[in-house]
Amino acid sequence: MSVAIWCIATLIILGALLYHRASLRTFTLGAILMLAIGTFTGLFAWVPWVIAAVILLPFNLPFIRKNILAKRILTVYRKIMPEMSQTERDALEAGTVWWDGEIFRGTPNWKKMHSIPAPKLTAEEQSFLDNQCDEVCAMLDDWKATHELADMPENVWQYLKDEKFFAMIIKKEYGGLEFSAYAQSRILQKLAGHSTILASTVGVPNSLGPGELLQHYGTKEQQDYYLPRLANGQEIPCFALTSPEAGSDAGSIPDTGVVCKGEWEGKEVLGLRLNFNKRYITLAPVATVVGLAFKMQDPDGLIGDTKDIGITCALLPRDIEGMTIGRRHLPLNVPFHNGPIQGKDVFIPMDFIIGGQAMAGKGWRMLMECLSVGRVITLPSNSAGGAKSLALVTGAYSRIRRQFKLPIGKMEGVEEAMARIGGNAYLMDAVTKFSTTGLDLGEKPSVISAISKYHMTEKLRQVMNDAMDVHGGKGICLGPNNYLGRGYQGTPVAITVEGANILTRSLMIYGQGAIRCHPFVLEEMDAAATEGKEGLNRFDKALFGHIGFVFSNFVRSLWFGFGGSRFVAAPATDSTAKYYRLMTRFSSNLAFMSDVAMGVLGGELKRRERISARLGDMLSYLFIGSAILKRFEDDGRPAEDLPLMHWAMQDTLRKLQESQLEMLENFGTVGSLLKGLMYPFGRVVKAPSDKLGHKISRILMEPNAARTRLGEGQFLSPKGPFGYLEEVLVDIIAVEPLHAKVEKAAGERLSFTRLHEVGIRGKELGVLTDEEVELFKRAEEGRLRVINVDDFAPEDLLAGPAAHEWGRNNA
């Protein structure tokens, strides 16, 4: 054996041990074995042993490793570790880590993912979705609600209360429905596909609000009083968090509650004097009970030695003295109830604090934990529901609407948009299914909630823009026949609320993910904050585990970059196998790049938002890709869905790849070196092909099993804005071969317009029956209804003072 062969063999053996994340002891034994082989074969004597001893002994001798290496590093670490506010710590520690932790480690266990049970509705939940949801959708005329009333009709409000739409999260013992997170998501999807204001109105009380907070943190007295009243609709809740000076940075709210004595119901009691100014509060104009977040202060030490107690949450009745409530915002002409709330010197007793005085100062932690749940459900579900309905309606419209003598859906430019619509709708439903499954398993995934909120609302924006482009003039002219306009107007609302998307992407996803999902960083931070021997012991264990983790991911990324990912085990042998292998490769890349970024930038990473955003994108796309694969598996791997699954995975992996390359290309010399190691042969993922987009367009344009699954659960009754398109689509498809039959009999090319006349001519030529002539007539009526747009008398478009003035002048 030559020295060169021994060196290569040693690198392979030690690299394999690092790849498989062998323990330090196993790695050391492997090194000793290779040294023994080299000595036994006469390649060398003692020099390599000395070098190995100098490197490995300090790590293997706990006394040296802990009291010299770890202790010195800990001293430096404490000096350079960025300062963290209590609100930041609360946000980091809130919630749990679930599948996001698995994909951050670089070695996703795909069998573990497949073992997660597929979400299912109970019989009660399915009945509610099929009956109560359909009923309320049929009751609500969205145009009348948005344009004429600027509100839902009273009978709709009453139905929502009577059927406990506001009580989906409340336990049955208090009179609520106690539905699963998955059921709530499916319900909101159906409502959102019909009406934005309906979905928003139902979503908020079941998301971050008094009901959620009371169930988790309220006193027994608060729960017994409020929860039954919330369940039966006697109380309408809202939660006031956002202030003019504190939007996405909600932890900096300026609103105060000062501990003092005051009069309540004729008695002097200890309480709080509140001063607050809130805005953007959904349901505030109609709320009867207000959840309020404020900073609690005790300057006179009436309840203890702490002056600044911290963010606290309390419940206020609507009619409390000093509170101003009732005015409305108008969010982009989508008039769900949203408005400001102000309070000046509002006095409340201490027992108005949610959870009582014992929960004073713990409001931020409460909010973060509840938000990690609510943010997974409401906006992502509304977005997915909107996308699913848009996919169906755009597919139908593109088959019905003709230009240049063919359905517009057969034009390649339209096909491109249709592919994005269908692929994204499949993806979005997959994400909501997977993420709500986590909630129903007891998780509170704060990182996944930020991923879901950001990416699903952004995906809806893309789907909505594509749908508007396909519909053209039909989409831009508002009126009773426009089923896109209000949704298009309201899309930016979802982008803005519950954490503005720019900050969610650049700060929140990776800011939380790097610490929560990393297997060692949070433990290192906690150990550094712990004094004495315990802190050193914990830091020693976390630090050297972290070092091994870095080297392992370096080896894995290098091996995968040069083609090693082909040998990664995948849980499938079909066309999805390559996706599992690529996901594993990109997961190892993320783990390694994350440690490099933290090591090179340290506390500066917190301010390098573009780097943070791209790392967050990597984590996000790994989760999204996991959700797509999980959905395909849970659905039984249907062959008809392959185009949708392939498009969604290829688009996701391409964006994942680009986020990694963009970071490396903007990370200086270190990035250039890593790019050469991780992408030595350049890009490995291509965008979805035109052929794949063509298949998706065809799926959306006619009834089939894949299209039915894509739109599962949506409101498709003829009483709604989309249902009649489904009926017209069926009629148009039935007419097409009959139209060709008439053309053949007539010996000429006939326009696919004035179909009732074509039907009559076919009857005269003896090639159509009376039933077929009636089909032509019905298809023409439906076709015209689909393509026509609304127009109005000028006075019908007046609003506010102008409408009142016109009414007086024409009385």
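Buried means under 20% relative accessible area, exposed over 50% and partly exposed in between, with a 1.4 Å probe and protein chains only. This is a predicted model, in which local features need pLDDT of at least 70 and side-chain atom pairs count only at pLDDT 80 or more, while totals for chains, interfaces and linings use all residues. Residues are numbered from 1 along each chain as its sequence is written, and side-chain values use heavy atoms, with hydrogens and water left out.

View 1. With a disulfide taken as a pair of cysteine sulfur atoms within 2.5 Å, the count comes to zero disulfides.

**View 2. The salt bridge between Asp 466 and Arg 420.** A salt bridge is a side-chain nitrogen of Lys or Arg within 4 Å of a carboxyl oxygen of Asp or Glu, and the structure holds 40 salt bridges. In the one between Asp 466 and Arg 420, the closest N and O atoms are 2.8 Å apart. Asp 466 lies in helix α18 (residues 446–471) and Arg 420 in helix α17 (residues 412–440), so the pair ties together parts that are 46 residues apart in sequence. Helices (H or I, at least four residues) and strands (E, at least two) are DSSP runs, numbered from the N terminus. Asp 466 is buried at 6% relative accessibility, while Arg 420, at 24%, counts as partly exposed.

**View 3. The salt bridge between Lys 433 and Asp 635.** The side chains of Lys 433 and Asp 635 meet at 3.9 Å, N to O. This pair links distant parts of the chain, since Lys 433 is in helix α17 and Asp 635 in the loop between α25 (609–634) and α26 (642–665), 202 residues apart. Lys 433 is buried, with a relative accessible area of 11%, and Asp 635 is partly exposed at 27% relative accessibility. Both residues belong to a network of salt bridges that also links Arg 186, Lys 388, Asp 429 and Arg 631.

**View 4. The salt bridge between Lys 459 and Asp 651.** Here the side chains of Lys 459 and Asp 651 meet at 3.8 Å, N to O. Lys 459 lies in helix α18 and Asp 651 in helix α26, so the pair ties together parts that are 192 residues apart in sequence. Both Lys 459 and Asp 651 are buried.

**View 5. Two residues with a positive phi, Leu 332 and Asp 345.** Most residues other than glycine have a negative phi. Leu 332, however, has a positive phi, near 55°, and sits in the loop between β6 (323–325) and β7 (338–349), where Leu 332 is partly exposed with a relative accessible area of 46%. Asp 345 also has a positive phi, near 50°, but lies in strand β7 and counts as partly exposed at 41% relative accessibility.
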